[in-house]
Amino acid sequence: MALILAVAAGCLAGDLFAELPACVTNQPILFIARKQYDRDHHNTATFFPSCPNEYNTGSYRAAGALKVFDPVTGAVTTLLETSEGMIRDPDVHFSGEKIVFSMRQDLADSYHIYEINADGSGLKQLTFIQDADDLDPIYMPDGDIVFTSTREIKYIGCNRHISANLHKMDADGANIQQIARSTLFEDHPSLMPDGRIMYSRWEYVDRNFGDAQGLWVCEPDGTGHAIMYGNNTTSPGGVLDGQMIPGTPYIVCTFSSCHDVPWGAIALIDRRKGVDGRDPVVRTWPAGLESWVKVDGQDFDRFKNTSIRHEDPWPLLDPDSGVGGRYFLCSREITGGSSHMGLYLLDTEGDSALLYSEGTGVWGCFDPMPLAPRAMPHDVAIHRKNNGADGRFYIQDVYEGTHMEGVERGEVKYLRVIEAPNKTDFVWDKQWGAQGRTSPGMNWHNFQNKKILGTVPVEEDGSAHFNAPSSTFLFFQLLDENKRMIQSMRTGTIIQPNETQGCIGCHDDRTLAPAAYGTNSLPLATLRAPSQLDGWYGEPRNFGYLQEVQPVFDAHCMPCHDFDGSASGTLVLAGDKTLFFNASYMELWKKGYTGAIGAGPAAIQQAKSWGSHNSPLLTKILSGHNSGSMTTEDIDRIATWLDMNAPYYPHFSSNYPDNLAGRAPLTDAQVARLYALTGKNLASFYKHSTNPGPMVCFDRPEKSPCLDAMTVGSADYNEAVAIIQAGQDALAALPRADMPGFYKATALDLWHEATWTDRHNFEEMSQTAIAEGLKVYDTQPLMLAANRGVDGIDGVSALVQGEVIYTVSNSVVDVTVCWGSYDGGDEIEAWQYSTDLPPQSEGDFSVTLTGLVPGADIYFRVFVVNADGTVAAYESTLFDTRSLIDQDSDGMADDWELAHFGSSTTEAGNGDWDMDGLSNEEEYWVGTDPTNAASCLVIEGLEVSGTDVAIAWQSASNAEYTLEYSTNLAVNAWIPLVVDRSATPPQNIYSTNAPAAEVRYYRVRGRRTDR
């Protein structure tokens, strides 16, 4: 349309609506005013960490504001502004009355989560961690806040930038826990109408770095991670800002590029039409870019060419129906190529309107959304346990799915479970040129190291059922009878403690439901206990080529395949360490013997198309070439290495960060001198595409191929050998990461390790607190304690009990118990009385308080102290010095008997006054009424839906409950599901999950907390 509607002082002319729809005019719009982010390596690199051991702080651009725009009057209100810091990532509460966002105070600060009232009052900081960034917060229906954070130290495989994962915390910033653990980056979370979280996830396992960033979903507790769209789509290189549109099946998102700021085109996706490629794309803004969406090739930066760049889409809802799908807010370039972003309204008819801009200055408008109440999705049941237990996977039929052509039913015999560990270290300036930059070098072409956790059987019907470690990034491979890989995942999955997760098959169609089974025809694997992972020739460990594969070649392929052997012209399989890897490894990759896919294409690959089934090396061995002397284990070691994409280094750590690829034991000056002596430009061989193969041998310097053209015994020859021998000496003194005896020696690697350990300990403590119903905060030292019960009250003394619940590595801490007639809070000095106990490790303790006043109220609180500070129990405990007097020793306090029976002596503890099956003493200890048969600790409801189970029982005030289950009453073995769960009168409900084929018995035990 050509009509112009000036709705704000900063509004510029454009294609505008005749009038604004009610979904715009009925509510103010919140937005961020700031400069566009400086372009960096990837679309996730927008926050430029302040930590001295992180990369690219120099790109930080300060100044921004949180503002509100009135579409009717054009008025703009500033809620919060900073000149040295940055404000980003707002989310409006369901009430419309407060806003959560991320803010950095200045260049030296990290991003933390803050909250502010909708009128700009009440600014409150929620997270406080140092040297980590908290971003992208969103409100959850249960009051929690989900956000992304760099708290778990890890770095992207193809460069040096810090990565981030989804976390969750209480509304006040307590009990932060990680809910996703992919190896790279998770961001842009949004809340779906069904209560799940949609987020953008970038990670690559054995595949290209640039086309592995799509939309995923999970439950609020981090269970049920699943692909939503774009995991195997090569263009766009990044699918960001995903929002499910209420009342519709559509998703609105940003189609972005790998190497760009997080903008591009806005797209509407209908996931019913698929999870990848062009078919699900309904339309784009700008229009007509559907043809840019691809599932092949390497076009991951195509959307950098978008004529007018968009980002931050927000679906607007019809005020009457609550349904969206026609109108959207977004941030958009006012003029193509300008990077100057305005606040725009789009509709599906192709119209657009500039609602507001910040004028001609450097600030643009970002993150627009209504500042108004909105519908709150139903709260989702929490299935996750915080006990560190394994999770459970089941697969219905591995033969169901795509890219399994040619695989006969019955051919798959095993499933291998592999961990893709995090990249926890990097080097600053040196790199190996794999498919992308690796700093330091890890493999010839791809990015990951690997850890085999074990192999489990696949049943005749294609089903599998096994336990696997929780909170670990895993992928699976299907194996034949010889344990050679038939098919492999090239992405990863995680499972939470006690979670059960299943799939239809391998690379199954995620738009379909599983096939129906009859009541007597469940998958065979689900009819037995889950398989346990068994390692691989020993305990699970990071796979190292020199340790696991080279010994086979040393035993069976020498001397023919040595440098001067009869077959050296064909292939050298010597184990000598080179500048970057070792000789045999470089030869096998350089000459195309592996059959590995490296950092291959995004598209799912056909079964047996890569790995040992497609390896010229293994084909030669199995054809009889020296295989007669090889054992089954020897061949399996080679095949397994090939099937894991032929990795080399077991660790990302580097003891030679300033040298070539972060791996060479020679300095740049020594390498330059070798060039001058040998004519071999070794410094230029740092990438796979130009590397000629092994040139230097540190195990046997005189066999180094770079010496071949030199005159043995000449001065130049002797000097060159001496330089290589110096590298040999360096490796002997300081082992490289591929060698036995390797240890971290650089300040950067040691900082990474120490920081990772501290963060891991805090996560462990936080999960312990959640399981105990307690709270921990960012500012708290790594200790956790709780008040427990009170016993032995006789009016003037009482035995109070406490527990040290968590210390690092069960270390010893000092314990102080404080008490008095008032609550002294969380400072020891504020209490009337205190007593110090002997140093205490994790466990229970007690102390007798004396000199109490009969009939008085007494408060007490436990404190633990170490060199890092003091931590108080979550809250103080109040007790009455009369309440536990039991003069007739029947197990029931006299005041309780008087209240219920009118006498402290007429009823015995083993009696059952109300005939409800619980004795009088049992009712005393669980807090129920002994004179009312309806007041009884009993399971009132048990609802089962698939593998989900909900158990309900009567509860009373001042009580805690333990829920247990057993699969065999004959052996009386009870397994706790939840321990000391606080009461929620009149009923407690607990949700869990159980295998469909497993029979379970449940029981509840209770105890009162005020006695």
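**Salt bridges, rings and a hairpin**

Reader: Which residues are linked in a network of salt bridges here?

Author: A salt bridge is a side-chain nitrogen of Lys or Arg within 4 Å of a carboxyl oxygen of Asp or Glu. In this structure, Glu152, Lys154, Arg181 and Glu763 are joined in such a network. This is a predicted model: local features need pLDDT of at least 70, side-chain atom pairs count only at pLDDT 80 or more, and totals for chains, interfaces and linings use all residues. Residues are numbered from 1 along each chain as its sequence is written, and side-chain values use heavy atoms, with hydrogens and water left out.

Reader: How many salt bridges does a search of the whole structure find?

Author: The search finds 46. Aspartate 134 and arginine 151 form one of them, at 2.9 Å from N to O. Aspartate 134 lies in strand E8 (residues 134-139), and arginine 151 in the loop between strands E9 (145-149) and E10 (165-169), so the bridge ties together parts 17 residues apart in sequence. Helices (H or I, at least four residues) and strands (E, at least two) are DSSP runs, numbered from the N terminus.

Reader: Are aspartate 134 and arginine 151 buried or exposed?

Author: Buried means under 20% relative accessible area, exposed over 50%, and partly exposed in between (1.4 Å probe, protein chains only). Both aspartate 134 and arginine 151 are buried. Now take glutamate 998 and arginine 1000, whose closest N and O atoms are 2.7 Å apart in a salt bridge. Glutamate 998 is partly exposed at 30%, while arginine 1000 counts as buried at 16%. Arginine 302 bridges to aspartate 299 at 3.4 Å. Arginine 302 is partly exposed, at 24%.

Reader: On to rings. How is a pair of aromatic rings described?

Author: By the distance of the centres and the angle of the planes. Rings of Phe, Tyr and Trp (its six-membered ring) pair if their centres lie within 6.5 Å; planes under 30 degrees apart count as stacked, over 60 as edge-to-face and the rest as tilted. The structure holds 39 aromatic pairs. Tyrosine 545 and tryptophan 641 make a tilted one, 5.0 Å centre to centre with 50° between the planes. This pair links distant parts of the chain: tyrosine 545 is in helix H2 and tryptophan 641 in helix H6 (residues 632-643), 96 residues apart. Tyrosine 545 is buried at 0%, and tryptophan 641 is buried at 0%.

Reader: What is the angle between the planes of phenylalanine 860 and phenylalanine 879?

Author: The angle is 65°, an edge-to-face pair, with the centres 6.3 Å apart. Phenylalanine 860 lies in strand E39 and phenylalanine 879 in strand E41 (residues 877-880), so the pair ties together parts 19 residues apart. Phenylalanine 860 is buried at 0%, and phenylalanine 879 is buried at 4%.

Reader: Which strand does E39 form a hairpin with?

Author: Two strands pair if DSSP finds at least two bridges between them. E39 (residues 857-866) is joined to E40 (residues 869-872) by four bridges, and the two run antiparallel. They form a hairpin with two residues between them. The bridge partner of valine 865 is threonine 870, in E40.

Reader: Where does the charged end of arginine 332 sit?

Author: A charge sits over a ring if NZ of Lys or CZ of Arg is within 6 Å of the ring centre and within 35 degrees of the ring normal. Arginine 332 sits over the ring of tyrosine 344, 3.9 Å from its centre. Arginine 201 lies over the face of tryptophan 216, at 3.5 Å from the ring centre.
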